[in-house]
Amino acid sequence: MTKLSVNINKIATLRNSRGGDAPNVVQFAKDAQRFGAEGITVHPRPDERHIRYQDVYDLKPVVTTEFNIEGNPIPKFIDMVLKVKPTQVTLVPDAEDAITSNAGWDTIKHKDFLIDIIKEFKNNDIRTSIFVDPDLHQIEGAKETGTERIELYTESYAHQFSLGNKEGIKPYMECAGLANTLGLGINAGHDLSLNNIKYFKENITGLLEVSIGHALISESLYLGAKNVIKMYLDKLK
């Protein structure tokens with residue numbers, strides 16, 4: 001069964017919009033796990049416009065499942081990850097002004113940089129995943145960095161699926177096949193939703209984990225977080 005990690009960035013966005021502490025991100029993480037989530041994901045950005053660095057420290061004691069911290073490995077981020085020691089760190093090449101993640105790593109161009117970063121995390125017993133586009137060359141490049149996993153950037157799949165084009169899954173199937181051959185674990189995330197997650201899961205061999213935030217939180221406005229998390233877990237069986 002593929003694990004569901006709930007990205008709680010949007011809970012922090014809602015909290016920050018009012019300046020108080022409601023909704024409380026720590027409580028939501030506790031509740032998400034109580035409802036069945038098998039992991040909690042956060043993605044702090046340098047401007048802290050949603051998840052704050054302090055949130056990450058506050059969450060550490062209450063995440064009893066898998067704790068996944070995503071982000072661009074700038075010095076401040078690296079320092080935080082080494083202090084918190086999450087289950088997994090997912091490296092994402094975000095520009096500081098990006099609204100959301102919009103591209104995977106060029107694992108060939110940035111090979112040496114990634115090797116150094118990943119080595120440091122591995123020396124601290126932190127599993128590493130690299131955010132990558134569905135490109136076979138980038139999967140091969142990821143293997144050379146020493147990472148244990150990749151996270152497939154699924155925006156193009158989700159877009160094509162919304163247009164009724166199920167052929168958009170093919171590059172992901174090819175990349176998953178290569179990753180499995182190379183011994184890389186496979187995660188996935190970005191624009192996955194209740195509408196498209198089942199088809200993705202059914203066609204990606206060896207899918208270990210999905211990280212879902214925006215869609216899950218949006219769907220929860222209508223259906224409730226407890227119901228939505230259960231619905232995802234059912235589709236990921």
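These exercises with worked solutions explore a predicted model.

**Exercise 1. Aromatic pairs around Tyr 157**

Task: Classify the ring pair of Tyr 157 and Phe 161.

Solution. 
- Step 1. Decide what to look at. A pair of aromatic rings is described by the distance of the centres and the angle of the planes.
- Step 2. Get the total. The structure holds seven aromatic pairs.
- Step 3. Take Tyr 157 and Phe 161. Their ring centres are 5.7 Å apart, and the planes stand at 45 degrees, so this pair is tilted.
- Step 4. Tyr 157 and Phe 161 are both buried.
- Step 5. Take Tyr 157 and Tyr 172. Planes over 60 degrees apart count as edge-to-face.
- Step 6. Tyr 157 belongs to helix H7, while Tyr 172 belongs to helix H8, residues 170-182, so the pair ties together parts that are 15 residues apart in sequence.
- Step 7. Check burial. The cut-off for buried is under 20% relative accessible area. Tyr 157 is at 1%, so it counts as buried. Tyr 172 is at 0%, so it counts as buried too.
- Step 8. Widen the view. Ring pairs join Tyr 157, Phe 161, Tyr 172, Tyr 199 and Phe 200 into a cluster.

**Exercise 2. Lysines over rings**

Task: Which lysine lies over the face of Tyr 53, and which over the face of Tyr 199?

Solution. 
- Step 1. For Tyr 53, the residue is Lys 76, at 4.2 Å from the ring centre.
- Step 2. For Tyr 199, the residue is Lys 166, at 5.0 Å from the ring centre.
- Step 3. Link back to the cluster. Tyr 199 is one of the residues joined there by ring pairs.

**Exercise 3. Salt bridges**

Task: For each salt bridge below, state the N to O distance and where the partners lie: Arg 127 with Glu 66, Glu 209 with Arg 149, and Lys 198 with Glu 202.

Solution. 
- Step 1. Side chains of opposite charge can pair when their charged atoms come close. The structure holds twelve salt bridges.
- Step 2. Arg 127 and Glu 66 meet at 3.0 Å, N to O. Arg 127 is in strand E5, residues 127-132, and Glu 66 is in strand E3, residues 66-71, so the pair ties together parts that are 61 residues apart in sequence. Arg 127 has 17% relative accessibility, so it counts as buried. Glu 66 has 15%, so it is buried as well.
- Step 3. For Glu 209 and Arg 149, the closest N and O atoms are 3.8 Å apart. Glu 209 lies in strand E8, residues 207-212, and Arg 149 in strand E6, residues 149-153. The two are 60 residues apart. Both are buried.
- Step 4. For Lys 198 and Glu 202, the closest N and O atoms are 3.4 Å apart. They are four residues apart in helix H9, residues 197-203, so about one helical turn separates them. Lys 198 is partly exposed, at 40%. Glu 202 is exposed, at 53%.
- Step 5. Find the network. Lys 3, Glu 66, Arg 127, Arg 149 and Glu 209 are joined by salt bridges that share partners.

**Exercise 4. Strand E4**

Task: Are the residues on the two faces of strand E4 buried or exposed?

Solution. 
- Step 1. In a regular strand the side chains alternate between the two faces of the sheet.
- Step 2. Sort strand E4, residues 88-91. Gln 88 and Thr 90 are on one side, Val 89 and Leu 91 on the other.
- Step 3. These residues are all buried, so both faces are covered.
- Step 4. E3 and E4 pair in the parallel sense over four bridges. Thr 90 in E4 is the bridge partner of Glu 70.

Methods. Residues are numbered from 1 along each chain as its sequence is written. This is a predicted model: local features need pLDDT of at least 70, side-chain atom pairs count only at pLDDT 80 or more; totals for chains, interfaces and linings use all residues. Side-chain values use heavy atoms; hydrogens and water are left out. Rings of Phe, Tyr and Trp (its six-membered ring) pair if their centres lie within 6.5 Å; planes under 30 degrees apart count as stacked, over 60 as edge-to-face and the rest as tilted. Buried means under 20% relative accessible area, exposed over 50%, partly exposed in between (1.4 Å probe, protein chains only). A charge sits over a ring if NZ of Lys or CZ of Arg is within 6 Å of the ring centre and within 35 degrees of the ring normal. A salt bridge is a side-chain nitrogen of Lys or Arg within 4 Å of a carboxyl oxygen of Asp or Glu. Two strands pair if DSSP finds at least two bridges between them.
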